[in-house]
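Here are a few exercises to work through with the model open beside you. Try each task before reading its solution.

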Amino acid sequence: MHSNFPDNQPPDHFSQFTLSSSTIFQENPKPYILKKCIALLLTCASSKYKLKQIHSFSIRHGVPLNNPDLGKHLIFKLVSLSAPMSYAHNIFFQIQNPNVFTWNTMIRGYAESENPSPAIDIHQEMHGNSIEPDTHTYPFLLKAIAKLMAVREGEKIHCITLRNGFESLSFVQNTLVHVYGACGHAESAYKLFELMPERSLVAWNSVINGFAVNGRPNETLTLYRNMGLEGVQPDGFTLVSLLTACAELGALALGRRAHVYMLKLGLNENLHAANALLDLYAKCGNIREAQKVFDEMEDRSVVSWTSLTVGLAVNGFGKEALELFRELERQGLVPTEITFVGVLYACSHCGMVDEGFAYFERMKEEFGIVPKIEHYGCMVDLLGRAGLVKRAYEFVQSMPLQPNAVIWRTLLGACTIHGHLALGEVARAQLQRLEPKHSGDFVLLSNLYASERRWPDVQNVRRTMLNEGVRKFPGHSLVELGNCMYEFVMGDRSHTQSEDIYAMLAEMTRLLKLEGYVPHTSNVLADIEEEEKETALTYHSEKIAIAFMLINTPPGTKIRVVKNLRVCADCHIAIKLISKVFDREIVVRDRSRFHHFRDGTCSCRDY
């Protein structure tokens with residue numbers, strides 16, 4: 001390696017040093033130069049270029065490349081300034097006998113980089129060189145493992161910390177909780193958390209986030225409440241997890257209180273918190289509030305643009321979603337593969353087939369983005385929703401990637417909705433090969449047979465489910481009232497107000513029939529009498545939830561329902577009429593989109 005400076009023109013900040021120390025260089029240059037270089041490294045605040053100058057200067061004046069003192073400080077500065085790890089890596093493997101501090105710095109550097117996997121290799125080599133870890137080794141290493149979601153590596157390190165006694169240290173415990181949560185093992189994270197004698201805010205955030213990111217919103221809210229009872233004050237990280245859980249449950253009132261708390265703490269300018277807030281409002285069907293959050297953001301990431309794009313799409317504002325994408329382009333921002341998922345999602349939910357294919361081609365040709373399985377999934381969904389099921393099947397067959405279970409399940413769902421039995425059986429055969437015990441696939445096929453009144457085939461599917469131990473997840477609907485979430489299932493009579501709820505259901509049915517409502521009994525996919533089908537439809541979970549809200553909220557109050565399954569055609573017809581008869585705006589979020597019911601109409605195009 002050669003110096004970047006001409007021999008007779010050292011940089012200005014070295015000039016005084018080199019001129020006044022010429023005699024010292026001749027007598028004993030290395031120790032003096034070494035100390036000066038280390039001093040300069042310690043004062044080098046933010047410039048990677050100056051760092052390279054100091055390194056070049058040390059080489060030019062004879063400091064050995066393998067010097068452990070210079071190497072330690074140089075690597076530390078490189079990592080602190082987020083310089084490329086390849087630079088630090090080359091220096092590290094020239095150092096003679098690096099100490100534990102230098103090994104830890106390398107692990108930390110990789111843990112904080114885009115490619116954290118070498119951190120595990122560095123640790124293994126550290127072990128092979130008989131370097132004893134210290135209290136800083138494992139938090140950095142576990143951070144890398146969490147980013148990689150390598151739970152088996154995490155378990156190995158957990159065992160090592162138990163053997164060498166580091167497991168009792170709070171920052172090791174905190175990082176282990178984070179690892180298990182990030183790797184999808186929220187229960188394991190919680191068990192560790194429960195065993196901790198002292199729980200810091202970091203520990204609370206780690207376990208709360210573990211449940212939040214793994215789709216366990218009820219546990220997230222319970223832990224948040226317990227955290228408050230123990231007198232621990234939340235911070236920005238806590239609120240991001242809380243907002244994620246509120247978005248999952250549709251708990252808008254609680255999310256709004258979190259918003260107020262964010263403003264109180266001054267966290268509204270925090271990008272992660274603002275993105276979580278935007279996502280909350282979009283997923284609760286309050287898209288105008290989501291737009292307001294977006295407009296007030298000083299800095300916007302790709303996540304911000306994509307969240308609002310998808311939010312607009314699923315709330316039925318496809319044209320606005322695509323206009324937002326055009327605004328992104330006008331501002332000179334480069335869309336990423338994630339942005340295009342949002343754009344294609346918008347086209348899919350708004351029936352824009354031609355526009356969807358145009359954007360798909362632009363993504364490849366204009367932006368050089370190679371489509372991933374998620375993009376192909378959006379295209380299959382786009383064609384399926386538009387009723388172009390055969391074309392969707394042809395698209396799947398022409399994909400350059402191997403179709404996964406999600407692709408075939410999307411096609412099966414389209415076949416069920418549009419009555420394509422033969423293609424449905426083809427899709428189901430592929431799903432039996434890929435994910436033979438997914439309950440949703442059995443249900444879709446059963447529903448497809450039932451819509452064709454092939455009752456023996458329905459019984460065969462259900463018998464297969466029973467024999468193979470496959471359980472169907474029941475439908476449920478959630479509503480928020482008075483700081484509490486209430487869950488209802490079909491025919492639910494567990495609530496203390498059941499008598500009043502069922503009286504309201506009867507009144508709803510009476511008033512709807514006066515408006516011309518006729519139960520859509522084809523949605524009851526069972527071989528039973530017509531009257532029994534009408535009764536079954538009356539007691540669907542979303543209707544029970546709406547009845548509960550009608551008797552517990554003042555006239556004119558907006559009703560919000562979150563359902564875990566797709567709203568059936570009968571409930572869709574009924575809720576449109578309920579919004580008119582009772583003069584209520586009703587927002588229903590099912591598993592695929594939002595339905596904004598008002599004055600007897602709905603915002604969606606699905607029915």
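**Exercise 1: a pocket and its lining**

The second largest pocket has a volume of about 1200 Å³. A pocket here is an open set of points on a 1 Å grid over the protein atoms alone, with protein on both sides within 12 Å along at least five of seven lines, and lining residues have an atom within 4 Å of a point. Grid points are joined across faces, edges and corners, and a volume is the space filled by probe spheres set on the points.

This is a predicted model, in which local features need pLDDT of at least 70 and side-chain atom pairs count only at pLDDT 80 or more, while totals for chains, interfaces and linings use all residues. Residues are numbered from 1 along each chain as its sequence is written, and side-chain values use heavy atoms, with hydrogens and water left out.

Task: find which helix gives the largest share of the lining of the second largest pocket.

Solution.
- Start at the centre: 32 residues line the pocket, and His-178, Asn-209, Phe-237, Val-240 and Ser-241 are the closest to that centre.
- Next, list the helices that each supply at least two lining residues: α9 (137-148), α11 (170-182), α13 (201-213), α15, α17 (271-283) and α19 (302-314). Helices (H or I, at least four residues) and strands (E, at least two) are DSSP runs, numbered from the N terminus.
- The largest share, six residues, comes from α15.
- Finally, sort the lining by type: 14 nonpolar, 14 polar and four charged. Ala, Val, Leu, Ile, Met, Phe, Trp, Tyr, Cys and Pro count as nonpolar, Asp, Glu, Lys and Arg as charged, and the others, Gly among them, as polar.

**Exercise 2: the sheet**

Task: work out the strand order of the open sheet, then say which strands helix α15 touches.

Solution.
- The six strands run β2-β1-β3-β4-β5-β6, with mixed pairing; two strands pair if DSSP finds at least two bridges between them.
- β2 (484-489) and β6 (601-602) are the edge strands, each pairing on one side only.
- Helix α15 (residues 236-249) packs on this sheet, touching β1 (476-481), β2, β3 (559-563) and β4. Contact means heavy atoms within 4.5 Å.
- The direction of α15 makes about 105° with that of β4; axes are lines fitted to C-alpha atoms, for helices over the stretch in contact, and angles run from 0 to 180 degrees between N-to-C directions.
- Now look at one pair: β4 (residues 586-589) and β5 (residues 594-598) are antiparallel over four bridges, and Val-587 stands opposite His-596 in β5.

**Exercise 3: the cavity**

Task: describe what lines the largest cavity.

Solution.
- A cavity is a set of points where a 1.4 Å probe fits but cannot get out, and the count comes to one of 30 Å³ or more.
- The largest cavity holds about 70 Å³ of space.
- Its lining has 14 residues, with Gly-250, Cys-284, Arg-560, Val-561 and Val-562 nearest the centre.
- β1, β3 and β4 each supply at least two of the lining residues.
- By type, the lining has nine nonpolar, one polar and four charged residues.
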